[in-house]
Amino acid sequence: MKLQIRNGRLVDPASKTDRQADLFIADGRVAGIGRAPAGFDDQATVGTIDASGCVVCPGLVDISARLREPGYEYKATLESEMAAAVAGGVTSLACPPDTDPPLDEPGLVEMLIHRSRHLEFAKVYPMGALTVKLEGQYITEMAELSDAGCIAFSQANTTIVDTQVLLRAMQYAATFDYPVWLSAQDRYLAHNGVAHDGEVAARLGLAGIPVAAETIALATLLQLARETGVRLHIRHLSSAAAVEMVAGARAAGIAVTCDVAAHHLHLCDHDIGYFNPHAHLTPPLRSQRDREALRTGLANGTINAVCSDHTPVDDDAKQVPFAEAEPGATGLELLLPLTLKWGTEMKLPLSDTLSRITSAPARLLGIPAGRLAVGDPADVCVFDPEAEFRVSRESLRSQGKNTPFLGQLLRGRSRYTLIDGVLAHDGSWN
Amino acid sequence: MNHANPQINKHGELQHLITIEGLPREVIEHILDAARPFTELAGEEEKKLPLLRGKSVFNLFFENSTRTRTTFEIAAKRLSADVINLNINTSSTAKGETLLDTVDNLAAMQADMFVVRHAASGAPYLIAQHLAATGRNHISVVNAGDGRHAHPTQALLDMYTIRHYKRSFHDLTVAVVGDLLHSRVARSQIHALSILGVPEIRAIGPRTLMPAGVERMGVRVFNDMREGLKGVDVVMMLRLQNERMQGALLPSPQEYFKNYGLTPEKLALAKPDAIVMHPGPMNRGVEIDSAVADGGQAVILPQVTFGIAVRMAVMNMLAGN
């Protein structure tokens, strides 16, 4: 099976490519760039995608997307969310282990991988639970989970309160060089909190989560990473102080990486407005100053990548008062437009912008994705950077319609998404 | 994003009363003016007016309250409305009908007005938005207290009381004392005082009971009650909930009383004609000394009387009269 993507602007951040060039695909892999390789002479046997006016880039890599299986099929299913992924140009995604039951047994992981492969959509890379049931007491069978396909170990949004357990979990993971992906939120300081502890929470009467909830937990994680030498990744930074601490830790030689969720690049606590439950997120949206620091930190490399932190939530769990609403927002289909919006506003070259959702996250996950060199899997996203679309319940493929961006006009919907050279999404009718 | 103030309709009229924040000064003054004739009813033989005849007012109390519910009930009955009281148990263990299901059911019973008390901040907004989204704009929502967010009718009756005793707002120093962190009353009072032009609003309390960033609401924070009371015209005490009295927020009611209880000795630091207010129910010997609560400067019982008149004015206004 041969395919050519003609007339597009090829942007491949990994090779710093940004030029008009055709992309040639054979047997699910990139066969040539610019000039047709051998075997593409007989046009009758070659499929063609016209990418005039479009950007052709590596399929997006999302390092945090909840697919809700097993256990939360009433919120979303693998079918619905993987269709959302390809509609958003995402071809590889890592899912946190906070399913029900959590991904703490090899059988669950094998089932998830089997189900996702069967669907022939985006490639799914599960993260295993670092502790049994995510309860922070007993470490999981990490080697077994790794054999089953887990690429890293995480507590999702939960915290290991017992620092003895945290130390041991990191030591054990470091023994096998497994990466550990943790959130920095002190359980006690965040207790009952639902919004950034600042002016907006004070005005609305919402229980606050102070910045210290993040920085104290982060300090603990960084110190133990130094002790154990574990490969530590901090999930979803939220504050200026945390960005500064990560930069400092890295300067001091601690091997730490981190990410930011796309929402936090554009929103702050003021966007809660009149108790908009869609702005109830974990970690909380913080002040404008924090948002600026996240945007700058992502631009200067302190923050390694952007993720969608995709969390489809059913309407019933959102149509309740703000504090009672389940936190999270749907995001797979907004990862590209929100990242492009950030890049445009920061006046970055397109290749730099796209690196945060392609090559950089692929490197964090250690997976063969996020780049388009000859021989690489042909996971491709083709999008028209000028085409606008309105975010609406109807335009979202995800079963979760919960996003604070409902009603907004954004740019950057995938027109074609290819996985291993096969067209997985065709949005050209839009 | 839902940034449009949902309590004001597209004609700029008050459709619901959910918060004081963002209300035009004229609207507040109009309510205070409208309440005045209703206070005079108290002395009349026949206390009922036919202004809300045929209307159904549902008191939806998802959180216990006898006093507020009763004053709303009296206010609605004096306007000749039919009043239905519903105390809805919302303990998280008793998982039952959702808030919006309850609202839908009651709306189907031809309600004209919901008076809502709920433990979660923002619940009345959710109800108002739901009514709007389902084409039932004719039903008004009155917030009778939501979480820590707002208690607008309490603040309005407080403003009525201040105006009654002090005549104007533009030269006053007003202190709000106690647990501001958990107080919906304090938030609404601060907004109302600031909209009505009070030049100095003070917040007095320990740091554990002050919301982060409260200064941005336009108040001067005093941790020392004696400092904060110096020269004030109005002292607005807040109730300290039992569950806050000991633990990590405060060591004991005794120590709280020593530092933040209003005693005659501390009150003497305020202006000689200062008035003392309290939204009730009072904890004597915790936030207020009996000598002050029963003393000549306290206007706590007139607050209750004015509260009925102010709530009548609010309901009457929302009914379009």
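**Figure 1. Surroundings of A:Leu93 in the predicted model.** Apart from its neighbours within four places in sequence, A:Leu93 is in contact (C-beta atoms, placed from the backbone, within 7 Å) with A:Asp62, A:Ala65, A:Ala85, A:Ala122, A:Val124 and A:Tyr125. A:Leu93 belongs to strand S9 (residues 90-95) of chain A; strands (E, at least two residues) and helices (H or I, at least four) are DSSP runs, numbered from the N terminus. With 32 other C-beta atoms within 10 Å, A:Leu93 is buried (20 or more such atoms; 12 or fewer is exposed, and in between is partly exposed). The model is predicted: local features need pLDDT of at least 70, side-chain atom pairs count only at pLDDT 80 or more, and totals for chains, interfaces and linings use all residues. Residues are numbered from 1 along each chain as its sequence is written, while chains are lettered from A and ligands numbered from 1 in the order in which they are written.

**Figure 2. Open sheet of chain A.** Six strands of chain A form an open sheet with mixed pairing, in the order S3-S2-S7-S19-S22-S23; two strands pair if DSSP finds at least two bridges between them. Strand S3 (17-20) and S23 are at the edges with a single partner strand each, so one side of each has no neighbour in the sheet. From one strand to the next the twist averages 20° (axes are lines fitted to C-alpha atoms; angles run from 0 to 180 degrees between N-to-C directions). Strand S2 (residues 9-12) of chain A runs antiparallel to S3(A), and four bridges join them. One of the residues involved is A:Leu10, whose bridge partner in S3(A) is A:Arg19.

**Figure 3. Domain 1 against domain 2 in chain A.** Chain A is divided into domain 1 (2-56 + 377-392 + 409-426) and domain 2 (59-365), with bounds from an automatic or database domain assignment. In chain A, 21 residues of domain 1 are in contact with 21 residues of domain 2. On the domain 1 side, the elements giving two or more residues are strands S19 (380-383), S21 (409-411), S22 (414-419) and S23 (422-426) of chain A. That side divides into 12 nonpolar, four polar and five charged residues. Here Ala, Val, Leu, Ile, Met, Phe, Trp, Tyr, Cys and Pro count as nonpolar, Asp, Glu, Lys and Arg as charged, and the others, Gly among them, as polar.

**Figure 4. Chain A against chain B.** 22 residues of chain A are in contact with 25 residues of chain B. Helix H6 (residues 199-204) of chain A gives the most to the chain A side, with four residues.

Note on methods
Two residues are in contact if their C-beta atoms, placed from the backbone, lie within 7 Å.
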